[in-house]
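Subject: Structure handover

Hi,

Here is the structure I promised you. Please open it next to this email and follow along.

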Amino acid sequence: MRIVTWNVNSVRARAERIGAFLDRSDVDVLAIQELKCKDAQFPAHVFEDRGYEVAFHGLNQWNGVAVASRVGLDDVEVGFEGVPGFGDDDQVEARAISAVTGGVRTYSLYVPNGRELDHPHYAYKLEWLAQLRNEALARLEQDVPFVMCGDFNVAPLDEDVWDMAAFEGATHVSQPERDAFNGLISAGLTEVTRQFTPGPGVYTFWDYQQLRFPKKQGMRIDFQLASPSLAERATDAFIDREERKGKGASDHAPVWVDYQL
């Protein structure tokens, strides 16, 4: 089963490209992030016309997540137990959705950015990841294999950014963020993409500004974290840099993993 995670940076702006990607990529399950639309605006036809069922969760022009599957889509859950909110109204943002797809619970996750180290959004990010770890621990007590896919907004290793000096004092590479990411690993999950796509110089995100993509100045922040029974069935992975090229591309590349089920 081929599972792909992709931050599309606006599902409506990228609808045609998403359709073309599905047509050529033999994807069984697609976890997408940063929809940037309300549910009523979601282009479900892009998926349904191609034989995919799709579950989505969007509240406004920011955030938003979805899971599309051609191998079944059952037991959809929006968010997870204990997910924190943000802002004066403590709103729970549209950052997590999961469903059972072909016998695997697939999560689509859009971890908060953090903004700056002294910003309230940074504390929110760390709490969000801590609660996600609790979710992982609870799932590990169950029998269904699962994978947490998404834009984690954390570069776990120094080699996951093009120049550590350029990130001094910034988010994504701070030790508390890396500790929070590694907390998911210590809970029992395996990040399954790196073994097939080792770095350095291997990235999943390139900022639109300052010609980061042609300069090969990127970040590796999109991952698939699998439960033990699923991780051992990962047979290959691929970061589709071609999808970052051309007019109307997202600033993230799709990240594929093939699982032998």
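Which residues does Gly-19 touch, not counting residues up to four places away in sequence? Gly-19 touches Val-46 and Arg-50. Contact here means heavy atoms within 4.5 Å.

Before the rest, two notes. This is a predicted model, where local features need pLDDT of at least 70, side-chain atom pairs count only at pLDDT 80 or more, and totals for chains, interfaces and linings use all residues. Residues are numbered from 1 along each chain as its sequence is written, and side-chain values use heavy atoms, with hydrogens and water left out.

**Helix H1**

Gly-19 sits in helix H1, residues 15–25. Helices (H or I, at least four residues) and strands (E, at least two) are DSSP runs, numbered from the N terminus. Gly-19 has a relative accessible area of 1%, so it is buried. The cut-offs: buried is under 20% relative accessible area, exposed is over 50%, and partly exposed is in between (1.4 Å probe, protein chains only). Val-46 is 27 residues away along the chain, yet its C-alpha atom is 5.9 Å from that of Gly-19.

Other buried residues of H1 include Ile-18, Phe-21 and Leu-22. Their cover includes strands S1 (2–7), S2 (29–33) and S12 (255–259), plus helix H2 (45–48). Just after H1, Asp-26 takes a positive phi of about 55 degrees.

**Strand S2**

S2 is covered on both faces. Val-29, Ala-31 and Gln-33 are buried on one side, Leu-30 and Ile-32 on the other. S2 pairs with S1 in the parallel sense over 5 bridges. (Two strands pair if DSSP finds at least two bridges between them.) Trp-6 has Ile-32 in S2 as its bridge partner. S2 also pairs with strand S4 (residues 65–69), in the antiparallel sense over 5 bridges. There, Leu-30 stands opposite Ala-68.

**Salt bridges**

Side chains of opposite charge can pair when their charged atoms come close. A salt bridge is a side-chain nitrogen of Lys or Arg within 4 Å of a carboxyl oxygen of Asp or Glu. The count comes to 18 salt bridges.

One of them joins Arg-178 and Asp-158 at 2.7 Å, N to O. Arg-178 lies in helix H4 (residues 175–186) and Asp-158 in the loop between strand S8 (146–151) and H4, so the pair ties together parts 20 residues apart in sequence. Arg-178 is buried at 7% relative accessibility, whereas Asp-158 is partly exposed at 45%.

Asp-75, Glu-77, Arg-105, Glu-135 and Arg-139 are linked in a salt-bridge network.

Best wishes
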